[in-house]
Structures are given as C-alpha cells and as structure tokens.
Amino acid sequence: MSVIWSSGPCAHSYLGGFCWRSCKNMVQKYQSPVRIYKYPFELVMAAYEKRFPTCPQIPVFLGSEVLRESRSPDGAVHVVERSCRLRVEAPRLLRKIAGVEHVVFVQRNVLNWRERTLLIEAHNETFASRVVVNENCSYTVHPENEEWTCFEQSASLDIRSFFGFESALEKIAMKQYTANVKRGKEVIEHYLNELISQGTSHIPRWTPAPVREEDARSQAGPRDAGSLQADRPSSTPGPAPETVLTEGDKLDADYIQRYLGHLTPVQESCLIQLRHWLQETHKGKIPKDEHILRFLRARDFHLDKAREMLCQSLSWRKQHQVDLLLQTWQPPALLEEFYAGGWHYQDIDGRPLYILRLGHMDTKGLMKAVGEETLLKHVLSVNEEGQKRCEGNTKQFGRPISSWTCLVDLEGLNMRHLWRPGVKALLRMIEVVEDNYPETLGRLLIVRAPRVFPVLWTLISPFINENTRQKFLIYSGSNYQGPGGLVDYLDKEVIPDFLGGECVCNVPEGGLVPKSLYLTEEEQEHTDQLRQWRETYQSASVLRGAPHEVAVEILEGESVITWDFDILRGDVVFSLYHSKQMPQPGRQEPGARVGGQLMDKGWVLGVDYSRVEAPLVCREGESIQGSHVTRWPGIYLLQWQMHSPPGNAACSLPGVEDVLTALHSPGPKCKLLYYYEVLASEDFRGSMSSLESCTSGFSQLSATTSSSSGQSHSSPLVSR
C-alpha cells in the first residue's frame, strides 16, 4: 500500500512543526500528543490510499515521486521512499532571495501489516546546509482498544542561517504550522467518512499468504523489519531520542481537550516536553498535567523559563511538605472564628468561589494572635483546596476548570489595614502564591471599595503579576449591584445575603481579635516576629515642651504620605503641618530628615507654616494609622508632642479622662514607635490608572480620590 502522510512533512514540515527561537545552531524540538482515530488501523490506512497521490485539502503539496520501494516476501512489510515537493508559502521577496518556489522533502514510510504500525521519517533536502528539519511519526493500534488508531509526531529543527531572514522564517513557520496541524487529522477523517458513505466500514486484518520456497529464495530486497531498517539511506537521519516518549509518558489529545482545555500545537508540545523532562530528571512526585500547564501559561509557554519556575516551586513544596498540607493542617480555633474567608458554591462559569470579607477582618489582631507563619500556612491551605475543588468541578461539569474566583468584600476597610507589618506579611503571601500557584486565580471581584483602597492598592499592586492584575474587577459603593455587576459573574441564587443576595453565606464575619488572645512577648520573640516588627519602625521620645518632628520633602503635589505609629508610654498629640521652607539648620537632600524638634520657634502659624491635619490626641497603648494626599509641594512636618490636660479656662474644664490622665502621668517623657512612607505621585497616579483601565465600576472611587488635587484629606484611624 502506498500512502502519503498528510499530517507530517507533506503538510507543514518544511516550515518546522514546532516552536523555536531564531538562534544559530540551536536545535528545537516538537512533540505532539497522542491523537486518536476511533477507527481500526486497516480502515485508516485505506483512507491514506484513497487520497494518494495528491490531496486537494492540502494545497501546499504539489506532488511526489517514488525513489524506491520494497516489500517483504509475505507482504507484511511495505517500504516506500518518496521525494515530495511542497510549495513555499512565504512573501515574494523571501522566495526571490531564496531562489526557490518549492522545497523538497524525502519521506520514508514503513508500513507493517503484521504489527499494525506505520512509521514515517522525513527530512528536508532543500536548504539542508542552512535549515535542518527531521520528523518522525507513527500510526499504531490504541493500547486499550484495538479498534482505534493512535497517531504521534515528533520533530526537530536547527536554523543555522537563512540569508538573514531567520526571524521571518520563524514567524512564517509558526503561522503555517498552527494552521495545518489540525488539518492533517481532519483530512484523514474526511476520507474515512467518504469510505464509510461508500459502504466500506470494515477491512479485514492482514493474514499471511502461503509462500513457495523457490519464490522466497528468488525474492530480492529486505525480508523482515530488521533488514528493512538496515536498508535506510545513510543520508536519512534517525529519530531524535529526546523526543521519543515511553508508553506511560504519552498524553492523549482527547484527554487534553477534555481536562486541560484548548491548546495550540506548540502549547501541547511544551506541555509534553516539560512533563517528559520531569519524568526523566525529577526525584519525587510528578505534578499533575494541570499543575504543569499553569507554570507554562505563567511564562507564556517559554519552556526554559517555565521549567525553572516549576523546579523552584517543586523544591519549595518538598521543603515545606506542602503536598501533605490538606491532610495535616488544622487551623487554630481562633482562625476559624476570626478569619473572614471561606468557600461558597461556584461562579457562573463553574469556577469554585472563595469569599473573603477583608474589611471585616482584623489582620493586625490575627497577626498578633497567631503569627505570620500560621497565617501564611492557612493561605496556602486555601490555595491547595482551590486546586482540589477545580479538579472536582472539572469532573462535575464535564469541561476543564483550572482556576477559581475570589470575591473580596472591602466594607469596613480602613487605615488599620495599612499596619505596616501586616502589609509586609501580605506582600510576602502574594509573592509565595505568585511563585507557586500561578494562573490559579480566574477572576477577582472586589466590591464596596472605600476611599482608602487606592492607598493599599498602590502599596501592593507592584508585587502582583500583570496577567493577574488584568483579572481584577473593582467596584465602589453599590456599583456591584445590577447589570455589569455581580450578576454578570455569579448566578443570582449564590450571591451572598450580605451583598443583597438571597443566599445565606456561612463565611465567618470576622471582627476585632481580643487583645487577651494575643501571643505573649516571649512567644513572639520565639517566632522572631518582634525583631522583624522593630526593624520596620523607628523609636522616638517626646519630652515636655520638646516635640518630636519628622520633615518630609514633597517635590510634587498629589503624593500620599502614610503613617503608622504605636504609643508605648504616655499620651501624645499628633499633627501634620506644611511649610514652603525646610526648617533650620540647613536644607537637606530630597526625602526625609528625622530629628527632635525641627520647627523654628520663631515661625508663626498661618504665616511661615500651616496646619493641614487637625490635632489628634493619641492615648497610651493605641495604634494609629493614617494618610494624607498632599496638595502642594514643599516640606511636611509630622509632629508628636506631649499631651497635657487642658488649662483652667472656664470654657475648657477638664473631663474625668483628663483628670485620670494627669494622675497617672508618666512624667516628663513619652515613647512611641513610628513608620511613615511617601507614595510618589507617579506611583499613586499610575496605580489609579491601572485600576481605571479595568473593566469595573471603579469610576466613582477614582473620582473621589482624584479630588485630592483640589483639597487635602486624610483617613486616620485609632485602634485600641
């Protein structure tokens, strides 16, 4: 039987059926998944014969001629070697420079009726000194169903040089290959359907015919598969061993479509190659295909980058025993009560839905009660559970579901959530999740975002991958209600009751963690938590009559000054001032200069400087977070001064709290720990622009924040 392979060299090999980069002397490889024809091998071979010698469905195939042909004595093995001409589908200029209108491939087919296999090898003759293409394909019987036929393909390409058009050749190859690889299977199915419509639905299997002894002796040429292999021309390269997979390594194309979703041929190849590499080199549990695919997507299917990222993650998982986390992790009772997050049905696309009521969660209290490591472990368990639920939903809904949706309610979010150790812990968790759970977040719905949210977003957004950021949908106020809101992403039946829906949500409501549940200083020292927090803050003493001041130079308006301080001893009054001139002595470099009392005692309020934040009385033991959007450039002074009971003015009699404060006065010194940060206008506005560009109802929040150009405002918060 003479056949031509439509899915292989005759269709697209001259352009390289694989993904590569234009690097000289760098061999790139392609490996297809196992594609299945649900027809017997003999019928598939008849479809080949029917479309020989030309195939209208593959216009690039111009024709072929047989170079040599041989059969075994019993007719079981048929070897055909052909020269195939393929039209060059490239720009006219490139064809003119190359000096060819078609290229020639040599194809060798070994059809074994006894074993029910067709093995195909091909290599290019045209431009062989500049571009080397080798391709190996096989048609075999399905290992679990002998009435089905499997097809596999592997190839390699080495672009040594191509008249300076290596990059152009790459683009042409990618375009042609993607267009043709699927067509090859369709062509075979077309002829299979044609055969069946003509009444040929079954072809008997090959059986050996009796051979007379004298005929056997007179037969010339190869007599068995071994001699046929030895008869291969020396110029025909053998298969690349790196691309040949063992039976257990193979991936079925139908399985990929069913469980992993649509992939281009190049993406399929990357998945198979990375999986095979892991099976050969990785010592330990091989991750699931869904897991490998996430890392490939995170690195845009750049094989080397994805492999490096995945290997680092596998090492991390082994070091921290993450594979056992769901079996071994039991969150503390305190987390179960105060961590305001949990799973809640699925979104409209079948993705598992996780709800986080961040605005109701006391992140600072949780950090002080259970520690950063426990919180991190809990976040990891959520991600592990998310992957498990994705697998379950894939089976339940009969389509690939590889990511989950997170709904974040920010009602109640305030400056307390900007407590710097908490923000740093959040950034660390984002980094760990981005590195080890890429492409697991399908969509992030943020609702009821308050005015303080842009400040938090500016702090964390640089640490979030751009691909992940594009999945954020942010709503302020009640914009999440009605068309364009949650109903576009969640069925009405699963919208939580606290967001106006009818579904009862069992996610904990959170709330402030009682200080009585905080870890002791000894426990915090044991976890190294106190040292990390102390490194974040600076300490200061406030003397009676000698306030502590910090000067911050703002070079452009509409920057954001944020502060976070704890009063360790005594009561203080916090104020924020603005001046056009730097306090003496001497002008400093841009940035901040910290000292004791900086303000010139000769300055006059309202003339030399102005107050931009009303004084705030801060009691001992309180923690204060706040921010200020600057209106003008210049010098901003953060000032802490000792709080004294009011004077004896008739209109300002001391209250009970003031009398008690005076009775328990700490003396002439107050102590505090403080931290401040300036979010530059460029960073803050850039962050806002990224939010406004999202498909969301964030416009009202954006407008509110943008009003800072006309006035200055702040969001201080006292947490006791």
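**Note on salt bridges, pockets and core of a predicted model**

1. Arg-35 and Glu-268 form a salt bridge in which the closest N and O atoms are 2.4 Å apart. A salt bridge here is a side-chain nitrogen of Lys or Arg within 4 Å of a carboxyl oxygen of Asp or Glu. Arg-35 belongs to strand S2 (residues 35-37) and Glu-268 to helix H7 (residues 265-281), so the pair ties together parts that are 233 residues apart in sequence. Helices (H or I, at least four residues) and strands (E, at least two) are DSSP runs, numbered from the N terminus.

2. The model is predicted: local features need pLDDT of at least 70 and side-chain atom pairs count only at pLDDT 80 or more, while totals for chains, interfaces and linings use all residues. Residues are numbered from 1 along each chain as its sequence is written, and side-chain values use heavy atoms, with hydrogens and water left out.

3. The term buried means under 20% relative accessible area, exposed means over 50%, and partly exposed lies in between (1.4 Å probe, protein chains only).

4. The structure holds 29 salt bridges. In another of them, the side chains of Glu-373 and Arg-428 meet at 2.6 Å, N to O. Glu-373 lies in helix H13 (residues 372-397) and Arg-428 in helix H14 (residues 420-436), so this pair ties together parts that are 55 residues apart in sequence. Glu-373 is partly exposed, with a relative accessible area of 49%, and Arg-428 is partly exposed at 29%.

5. Glu-411 and Arg-448 also meet in a salt bridge, at 3.3 Å, N to O. Glu-411 is in the loop between strand S11 (404-409) and H14, and Arg-448 is in strand S12 (residues 441-449), so the pair ties together parts that are 37 residues apart in sequence. Glu-411 is partly exposed, with a relative accessible area of 33%, whereas Arg-448 counts as buried at 17%. Salt bridges that share partners also join Asp-347, Asp-349, Arg-351 and Arg-443 into one network.

6. The largest pocket has a volume of about 1,100 Å³. On a 1 Å grid over the protein atoms alone, a pocket is an open set of points with protein on both sides within 12 Å along at least five of seven lines, and lining residues have an atom within 4 Å of a point. Grid points are joined across faces, edges and corners, and a volume is the space filled by probe spheres set on the points. The lining of the largest pocket has 47 residues, of which Leu-356, Val-379, Leu-426, Met-429 and Ile-430 lie nearest its centre.

7. Which helix gives the largest share of the lining of the largest pocket? H14 does, with nine residues. By type, the lining of this pocket divides into 34 nonpolar, eight polar and five charged residues. Ala, Val, Leu, Ile, Met, Phe, Trp, Tyr, Cys and Pro count as nonpolar, Asp, Glu, Lys and Arg as charged, and the others, Gly among them, as polar.

8. The second largest pocket has a volume of about 790 Å³. Its lining has 32 residues, and Lys-285, Pro-287, Arg-317, Asp-323 and Glu-384 lie nearest its centre. H13 gives the most to this lining, with six residues. The lining of the second largest pocket divides into eleven nonpolar, ten polar and eleven charged residues. Domain 2 (253-320) and domain 3 (323-515) both give residues to it, so the second largest pocket lies between them. Domain bounds come from an automatic or database domain assignment.

9. The largest nonpolar core has 61 residues, and those with the most contacts inside it are Tyr-339 and Leu-366. H14 gives the most to this core, with seven residues. The core draws at least three residues from each of domain 3 (323-515) and domain 4 (537-583 + 607-644 + 668-688). A nonpolar core is a set of buried Ala, Val, Leu, Ile, Met, Phe, Trp, Tyr and Cys residues joined through side-chain atoms within 4.5 Å.

10. Eight of the eight residues of H15 are buried, so this helix is largely enclosed by the rest of the structure. Among them are Phe-453, Trp-457 and Ile-460.

Technical notes. On a 1 Å grid over the protein atoms alone, a cavity is a set of points where a 1.4 Å probe fits but cannot get out, and a pocket is an open set with protein on both sides within 12 Å along at least five of seven lines; lining residues have an atom within 4 Å of a point.
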